[in-house]
Amino acid sequence: MRGTATGAAHRARRTRLAFLLALPLLAGCASVIPETAPRPGGPAATPAPAPAPTPAPTAAPRPYQPRPSESGSVAATPIPATPKPPLAAAPVPADAATAAQSGVIAGPEYNELGVSAEQATAALKAFRLSCPSVQRRTDASGLTQAGEWTESCAAATGWPDRDASNFFSRYFGTVQVGAGTAFVTGYYEPEIAGSRTRAPGYDVPIYRRPPDLVEIDLGEFADDLKGRRIRGRVDGQKFARYHDRAAIEAGALAGRGLEIAWAADAAEFFFLQIQGSGRLRLPDGQIMRIGYDTQNGRDYVGIGKLLLDRGELQRGQASMQGILDYLRADPVRGAAVMNENPSWVFFRELTGPGPLGALGVPVTGRASVAADPKYVPLGAPVFLSLDRAEPNGLWIAQDTGGAIKGANRFDSFWGAGDQARAIAGGMAARGSALILLPRASVARLTAAR
């Protein structure tokens, strides 16, 4: 995704407002990356080291060439809503690093939440897809234990979709993690103009994973580094950082046969990289789907925040759509601004269903969210009550993202198409959140209090 996304957070992951304003969108976009794969895309195999490439060119970056046929859409007008207040909770310990350490209190019964039958049905379908992965994973949040998903997953297999509300009511209780105060952004699967081969009007390279990009699990060298990974390349006798966006734009990877396709618009492709997966609309009308394969190990820098800090955008302009308009207004300036984000995402072609989330199953528009697996068991249902009506209701945590960190932080997936783009591009909602857990988990957690 963000998600994002070919398998997880890379997903970023994504054109969400909060990401653009301040945070990394893709999981694994920092030089030191978490064990959990970023949205979109799942964990990728580590390639063997290859000879160091030729040093990156130092030529000036090419200007961004906008296509008149590609225009920024308008962000959807928010539909206001009144969120349910969080439950009264004890202060969260300063050193809390998981949901269990943050404190958990029992919430209301499912039937009191006001989830529509349509939302319940979509959530059940998504939950059913997640069950095989959910039962294999070790829950980093500390909320569930081995075997506690068995009963609900077995029941989900044959449970009638039309009776989804009774399924969640029977097998799940609700809990609030920590203060329960939620912040929710959005991501989607973009569709941009592209071509499998370079042609006039299609000159923005979309690269596959380079063979010299190496990912190292530092936990194999020291116990106190478990869960930390770095990406880079072998340069002679040393391990060096991989090329940043400016170097790649200047041709660091050119001539190596790494292009899987060519995009028509550099700014549209920039945002597709943030999302982590997307669709290329080919000249003959066919669709080529691409998903996150890996990332260059450089920190993600949100250009929206840069432009806000400099006064070049006003607060109401910092949506994906507003930033696109800014980039299109001056191609040379736009190219320079995009290069201030050193992160670069590499893709692979997707031929099956997708985009894939962190659980390795397709994420579903209006039913899947990205979450921090240290605070939400991936696969768990999530109930959101926010000051914006569109994301209110029941979701399934199926993805992760580099900027989706901490308790009650979610990134909602809206699917593909113009409406999904309009909603996700300006999504920023606040309110409260509850996690739905198997009743055995809730009983164990609340008995321990």
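Which strand pairs with S4 in the parallel sense, and over how many bridges?

## Strand S4 and its partners

The partner is strand S17 (residues 409-416), which pairs with S4 in the parallel sense over six bridges. Here, two strands pair if DSSP finds at least two bridges between them. Within this pairing, valine 184 stands opposite phenylalanine 410 of S17. S4 is also joined to strand S18 (residues 428-438), this time antiparallel, by five bridges. Alanine 182 has glycine 431 as its bridge partner in S18.

Eight of the nine residues of S4 (residues 181-189) are buried, so the strand is largely enclosed by the rest of the structure. Buried means under 20% relative accessible area, exposed over 50%, and partly exposed in between (1.4 Å probe, protein chains only).

## How to read the model

This is a predicted model, where local features need pLDDT of at least 70, side-chain atom pairs count only at pLDDT 80 or more, and totals for chains, interfaces and linings use all residues. Residues are numbered from 1 along each chain as its sequence is written, and side-chain values use heavy atoms, leaving out hydrogens and water. Helices (H or I, at least four residues) and strands (E, at least two) are DSSP runs, numbered from the N terminus.

## Two loop residues with positive phi

Asparagine 408 lies in the loop between strand S16 (393-399) and S17. Its phi is near 60°, a positive value in a residue other than glycine, and asparagine 408 is buried, with a relative accessible area of 5%.

Arginine 366 sits in the loop between strand S13 (345-350) and strand S14 (368-371). Phi of arginine 366 is near 70°, again positive in a non-glycine residue, and at 42% relative accessibility arginine 366 counts as partly exposed.
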